[in-house]
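Below is a short report on one protein model. Please look at the sequence and the structure before reading on.

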Amino acid sequence: MDMSTTHFLDVDAFTPTELLDVLDRAAELKATDPDGQLTNRTLAMLFEKESTRTRISFETGMTQLGGHAIFLSPDDTQLGRGEPLSDTARTLSRYVDAIMVRVFDHADAVEMAEHANVPVINGLTDDAHPCQTVADLLTIREAFESFDVQAAWVGDGNNVARSFVVGCAMVGIDLTIATPAGYGVGEDVLDRAAEFDGTVEVTTDPSAAVDGADVVYTDVWVSMGQEDEREAKLQAFDGYQLNESLLDGQAVLHCLPAHRGEEITDSVLESDRALVWDQAENRLHAQNALLTTLIE
Ligand code: CP
Ligand code: NVA
């Protein structure tokens, strides 16, 4: 496939077949170790929000692949002094081979992509986290050896959930989402997911969602940029915690960072059924696959 100008702003930038190819490539890179596939290539990384996994896995990945990554906070570029995104995108495209962006407003990532003629990769916006979804799907397939699983999402219908819902549908995973009223993933995401094979059920009942599930996924209740909503969200999500009384042996996913005692208990996160460290590692392999697919 010609991926020369493909941007990865959300997981359905790919077809299901292309997504499965990326997952196969990720598994292969994990098994064999990368070996200079992106020698002399450069990734620019623009971060408006904090990061541990995304920054370090992308930067390490580019090193493993023989290339180089440049970390840029808003204060490191003229963006911090008001240079437009469109001018920044066109300038960066003259130097680097791909641009990763972690920004608040998804429209800013779209604007970068509209003006860049190298791939723009979404490293988290308020609306989507597709790199996380590729790692999540890789982790599920490793644990269950297929996508013939029943999954549940319990908690906020946030950026991570929105991409996960679409990604599950694309690979045929049946998913039930339990969120409090008013905190769902949004009709736009349900419409996009409906184009694919996996089914999506929506409920406000966490017990109903996890009943019969093989794997249960959650994320923080207060995402970056939502600090002012903290009290209201803690109230709204009462009863949505992944704890020993809700769960019954299901595998557990969390994109991390976790807020122990809020969306998940310490004992669940530290239990053998938590796949979270494999999931975090898989960010590296998933992104190495994405980088080599998009930059080639
Ligand atoms: N899961 C994830 O994206 O983590 P970071 O915020 O640490 O990058
Ligand atoms: N939903 C979280 C994910 C962090 C990786 C946030 O946006 O802060």
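In which helix is Ala107 found? Ala107 belongs to helix α4, residues 106-115.

## About the model

This is a predicted model, in which local features need pLDDT of at least 70, side-chain atom pairs count only at pLDDT 80 or more, and totals for chains, interfaces and linings use all residues. Residues are numbered from 1 along each chain as its sequence is written, while chains are lettered from A and ligands numbered from 1 in the order in which they are written.

## Overall build

The protein has eleven helices and nine strands; helices (H or I, at least four residues) and strands (E, at least two) are DSSP runs, numbered from the N terminus. Its radius of gyration is 18 Å, close to the 19 Å that the globule rule gives for 296 residues, so the protein is as compact as a globular protein of that length. The radius of gyration is taken over C-alpha atoms, and the globule rule is 2.2 Å times the number of residues to the power 0.38. The C-alpha trace spans about 55 × 45 × 35 Å along its principal axes.

Of the 296 residues, 49% are buried. A residue is buried if 20 or more other C-beta atoms lie within 10 Å of its own, exposed if 12 or fewer, and partly exposed in between, with C-beta atoms placed from the backbone. Among contacts between residues at least 6 apart in sequence, 74% join residues at least 24 apart; two residues are in contact if their C-beta atoms, placed from the backbone, lie within 7 Å.

## Helix α1

Helix α1 covers residues 16-32, and its 17 residues should span 24 Å at 1.5 Å a residue; the end C-alpha atoms are 24 Å apart, which agrees. The expected span of a helix is 1.5 Å times one less than its number of residues.

The buried residues of α1 are Leu19, Val22, Leu23, Ala26 and Leu29. Seen down the helix axis, these buried residues fall within an arc of 125 degrees, so they line one face of α1. The arc is that of the directions from the helix axis to the C-beta atoms. What covers the buried residues includes α5 (130-144), α6 (159-171) and α11 (276-295). On the face turned away from the buried side are the exposed residues Thr17, Ala31 and Thr32.

## Helix α6

One of the elements covering α1 is α6. All 13 of the 13 residues of α6 are buried. At 1.5 Å a residue they should span 18 Å, and the end C-alpha atoms are 19 Å apart, which agrees. Gly172 follows α6 and has a positive phi, near 90 degrees.

## Some single residues

Asp33 sits in the loop between α1 and β1 (42-47). It counts as exposed because it has 8 C-beta neighbours inside 10 Å. Ala107 is partly exposed, with 13 other C-beta atoms within 10 Å. The C-alpha atoms of Ala107 and Asp33 are separated by 35 Å, and the two residues are 74 apart along the chain.

## Around ligand 2

Which residues surround ligand 2? They are Leu124, Asn158, Asn159, Val160, Asp219, Val220, Ser223, Met224 and Cys255. A residue is near a molecule if its C-beta atom, placed from the backbone, lies within 6 Å of it.

This shell divides into five nonpolar residues, three polar and one charged. Ala, Val, Leu, Ile, Met, Phe, Trp, Tyr, Cys and Pro count as nonpolar, Asp, Glu, Lys and Arg as charged, and the others, Gly among them, as polar.
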